[in-house]
Amino acid sequence: MSGDHATVAEEEYLQIMCWLEEAGLPITGANVARAMQLSPPTVHEMIGRLERDGYVLRADDKSISFTDEGSEHARAIVRRHRLIERFLTDVLGIPWDEVHEEAERLEHAMSPVLEARMLAAIGDAKTCPHGHPIQGGQRIEGVPLADAETGAKVRILRFENEAEELLHLFKREGLEPGRHGVVAAGDDDEVIVEFDGATANLTRSVAETVSVLADPSPPPRIALPEQLVLSKDRYGR
Ligand SMILES: [Zn+2]
Ligand SMILES: [Zn+2]
């Protein structure tokens, strides 16, 4: 019943639930199954285990919420994930499109002492290399790049979906958190953004996963569950 004894699998679920919550999506079995690309029965069973272990509560309408312990544990995993990614890019010099999977492996095996050392090593960095705040409560909302109108100035805030195939694509196209650009064109299929010396051509489904600050800004909207995890066949390229 202690948060110190969550299994790796439990921690993966807690992490995904935390991502859903951050994106403003309801924590439901269906959204977890979609995000983790697992079957609903598999997810149902694991959520039962998380409930028995005291990490989540299930309401009569099947909606899931964190217990205090679950929330704390989930946030700790997410924080470590982002910290490790930043350490790998800034201290070890690994390209930012290659650190997510490494962090997935390392985040479960980190002691508080190592975490404190890593935090000291990254200096002033406040986000993972994909734009997600390392500490909770510092997320700037933003809008999906797909919603920005042609001519809008945009600043990339973060990549909501960290699937590495998608990160490789962003790197190739010249996208990076903090970079400024202008939406040059957009239609039902594609969004084209011009950056200093680079032009990014993104399918609309990929542009859905990039959060930006836009001027003029479209109205904010809640993420779509598909934004968090897209399977490769939906990248469309
Ligand atoms: Zn990551
Ligand atoms: Zn990241």
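Biologist: Which residue bridges the zinc ion (ligand 2) and the zinc ion (ligand 1)?
Modeller: Glu85 does, and the two ions lie 3.5 Å apart. This is a predicted model, where local features need pLDDT of at least 70, side-chain atom pairs count only at pLDDT 80 or more, and totals for chains, interfaces and linings use all residues. Residues are numbered from 1 along each chain as its sequence is written, chains are lettered from A and ligands numbered from 1 in the order written, and side-chain values use heavy atoms, without hydrogens and water.

Biologist: Which protein donors does the zinc ion (ligand 1) have?
Modeller: His81 (NE2), Glu85 (OE), His100 (ND1) and Glu162 (OE), lying 1.8 to 2.0 Å from the ion. Donors are N, O and S atoms within 2.8 Å of the metal (3.2 Å for Na, K and Ca); water is not among the atoms, so sites may look incomplete.

Biologist: Is the site of the zinc ion (ligand 1) tetrahedral or irregular?
Modeller: Tetrahedral, with angles of 95 to 129 degrees among the four donor atoms. Four donors count as tetrahedral if all angles lie between 85 and 135 degrees; four count as square planar and six as octahedral if opposite donors are over 155 degrees apart and all others between 65 and 115; anything else is irregular.

Biologist: How are the donors of the zinc ion (ligand 1) spaced along the chain?
Modeller: The spacing is H-x3-E-x14-H-x61-E. One pair links distant parts of the chain: His100 sits in helix α5 (residues 100–106) and Glu162 in the loop between β4 and α7, 62 residues apart. Helices (H or I, at least four residues) and strands (E, at least two) are DSSP runs, numbered from the N terminus.

Biologist: Why does His100 count as buried?
Modeller: Because its relative accessibility is 11%. Buried means under 20% relative accessible area, exposed over 50%, partly exposed in between (1.4 Å probe, protein chains only). Glu162 is buried too, at 3%.

Biologist: And what coordinates the zinc ion (ligand 2)?
Modeller: Glu85 (OE), Cys128 (SG), His130 (ND1) and Glu162 (OE), at 2.0 to 2.3 Å. That site is irregular, with angles of 90 to 147 degrees among its four donor atoms.

Biologist: New topic. Where is Glu208?
Modeller: Glu208 is in the loop between α8 (204–207) and β8 (210–215). Glu208 is buried, with a relative accessible area of 15%.

Biologist: Which side chain does Glu208 join in a polar contact?
Modeller: Arg221, at 2.9 Å. A polar contact is a pair of N or O atoms within 3.5 Å; within protein, one must be able to donate a hydrogen and the other to accept it, and residues adjacent in sequence count only if both atoms are side-chain atoms.
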